[in-house]
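Subject: Handing over a structure, with notes

Dear colleague,

Please find below the structure that I promised to pass on to you. I would be glad if you kept it open while you read the notes that come after it.

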Amino acid sequence: AALNPWDVMLCVSGTAIACENALVVAIICYSPALRTPMFVLVGSLATADLLAGLGLILNFVFQYVIRSETVSLLTVGFLVASFAASVSSLLAITVDRYLSLYNALTYYSERTVLCIHTMLAGAWGVSLCLGLLPVLGWNCLHDRAACSVVRPLTKSNVTLLSASFFLIFLIMLHLYIEICKIVCRHAHQIALQQHFLTASHYVATKKGVSTLAIILGTFGASWLPFAIYCVVGDPDYPSVYTYATLLPATYNSMINPIIYAYRNQEIQRSMWVLFCGCFQAKVSFCSRSPSDV
């Protein structure tokens with residue numbers, strides 16, 4: 001079959017995603033110091049995005065090399081599970097950031113570790129179930145009328161996935177609003193103690209709120225168009241509409257390592273250790289909490 005340029009772009013996007021996140025996974029696995037709950041969550045996100053990138057590559061290979069309905073279902077299920085785990089890991093990171101501020105005194109406890117591991121187990125379990133649905137029969141291979149804009153997923157299947165995304169997006173929006181309130185309240189308390197709000201406090205607060213807005217805005221801009229189109233789109237529409245909304249959604253997995261990993265000083269230091277074998281720098285690094293955004 002002739003190469004579809006959109007499929008090529010998705011494959012290139014998947015390659016970039018896989019390389020970026022493979023480096024993050026290698027750094028976290030290589031560095032014993034990165035075993036805190038925060039980095040466990042970042043590792044979960046990087047693993048999910050790594051699998052999503054590999055899924056995009058495999059989808060391209062099997063689409064043009066091995067054309068099989070069974071392989072197509074397995075690939076689609078793999079992609080659904082990977083992207084669902086990525087979005088779920090983002091939600092878990094948001095919850096972790098909220099807890100680190102809301103329960104600052106009790107955050108570094110065994111209860112927090114148990115809570116995070118439970119969240120991750122639930123997130124990956126649900127993602128795996130969503131990925132198995134088309135493989136176990138919830139597909140439109142034998143009923144073309146039930147197909148959605150993402151073949152071979154059915155309309156009801158993509159509606160469920162879109163509804164789950166909208167719910168997660170609303171929860172993240174609510175949590176980030178609460179985080180902004182806590183940050184502003186802390187800045188106000190500092191101002192009362194010092195009788196005025198210093199310029200550094202104002203800049204730090206503004207920077208924190210701006211960063212949260214960028215994080216949520218990037219997530220929404222990447223996934224909302226595709227989620228909305230899955231609900232309102234018709235399978236008879238040109239496939240270019242599906243590609244045009246799906247491709248930006250994959251960019252979220254490309255941006256996640258930059259936002260959640262490479263900006264972190266501990267990971268930057270571990271990269272130096274991993275590639276150089278030693279770390280020599282005049283800049284001192286200090287441990288940062290999940291609330292540091």
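The notes below go from the whole chain to single residues.

Please keep in mind that this is a predicted model, in which local features need pLDDT of at least 70 and side-chain atom pairs count only at pLDDT 80 or more, while totals for chains, interfaces and linings use all residues. Residues are numbered from 1 along each chain as its sequence is written, and side-chain values use heavy atoms, with hydrogens and water left out.

The overall fold

The protein chain has 8 helices and 0 strands, where helices (H or I, at least four residues) and strands (E, at least two) are DSSP runs numbered from the N terminus. Of its 293 residues, 44% count as buried; buried means under 20% relative accessible area, exposed means over 50%, and partly exposed lies in between, with a 1.4 Å probe and protein chains only. Among contacts (heavy atoms within 4.5 Å) between residues at least 6 apart in sequence, 75% join residues at least 24 apart.

An unreviewed UniProt entry places the feature "transmembrane region" at residues 6-31, 38-66, 72-93, 114-138, 158-177, 209-228 and 240-262; these positions follow the numbering used here, feature names are shortened, and annotations may be inferred rather than shown by experiment. In the model, residues 38-66 are 93% helix and 0% strand, with their end C-alpha atoms 40 Å apart, and residues 158-177 are 100% helix and 0% strand, with 28 Å between the end C-alpha atoms.

Helix H4

Helix H4 covers residues 110-135, and its 26 residues reach 38 Å from the first C-alpha to the last, close to the 38 Å expected at 1.5 Å a residue, a span taken as 1.5 Å times one less than the number of residues. Its buried residues include Thr112, Ile116, Leu120, Ala123 and Ser127. An α-helix has 3.6 residues a turn, so residues three or four places apart point the same way. After H4 comes Gly137, whose phi is positive, near 130 degrees.

The nonpolar cores

A nonpolar core is a set of buried Ala, Val, Leu, Ile, Met, Phe, Trp, Tyr and Cys residues joined through side-chain atoms within 4.5 Å. The largest one has 51 residues, and those with the most contacts inside it are Phe165, Met172, Tyr176, Phe219, Trp223 and Tyr260. H1, H2, H3, H4, H5, H6 and H7 each supply at least two residues of this core, and the largest share, 14 residues, comes from H3. Leaving aside neighbours within four places in sequence, Phe219 is in contact with Val87, Leu90, Phe165, Phe169, Met172 and Asn252. A second, separate core of 14 residues includes Ile28, Met38, Val42 and Ile267.

Ala84, in helix H3, is buried, with a relative accessible area of 15%. Apart from neighbours within four places in sequence, Ala84 is in contact with Ser127 and Leu130, and its C-alpha atom is separated by 8.4 Å from that of Leu161, which is 77 residues away along the chain.

Aromatic pairs

The structure holds 12 aromatic pairs, counted when rings of Phe, Tyr and Trp (its six-membered ring) have centres within 6.5 Å, with planes under 30 degrees apart called stacked, over 60 edge-to-face and the rest tilted. One of them is the stacked pair of Trp6 and Tyr243, at 6.0 Å centre to centre and 15 degrees between the planes. This pair links distant parts of the chain, since Trp6 lies in helix H1 (residues 5-30) and Tyr243 in helix H7 (residues 239-262), 237 residues apart. Trp6 counts as partly exposed because its relative accessibility is 25%, whereas Tyr243, at 15%, counts as buried. The rings of Tyr229 and Tyr241 have centres 6.4 Å apart and planes at 85 degrees, so this pair is edge-to-face. Ring pairs also link Phe83, Phe165, Phe166, Phe169, Phe219, Trp223 and Phe226 into a cluster.

The salt bridge

What does the structure hold in the way of salt bridges? There is 1, a salt bridge being a side-chain nitrogen of Lys or Arg within 4 Å of a carboxyl oxygen of Asp or Glu. The side chains of Lys181 and Glu178 meet in it at 3.7 Å, N to O, and both residues lie in helix H5, 3 residues apart, about one turn of the helix. Lys181 counts as partly exposed at 46% relative accessibility, and Glu178 is partly exposed as well, with a relative accessible area of 21%.

With best wishes
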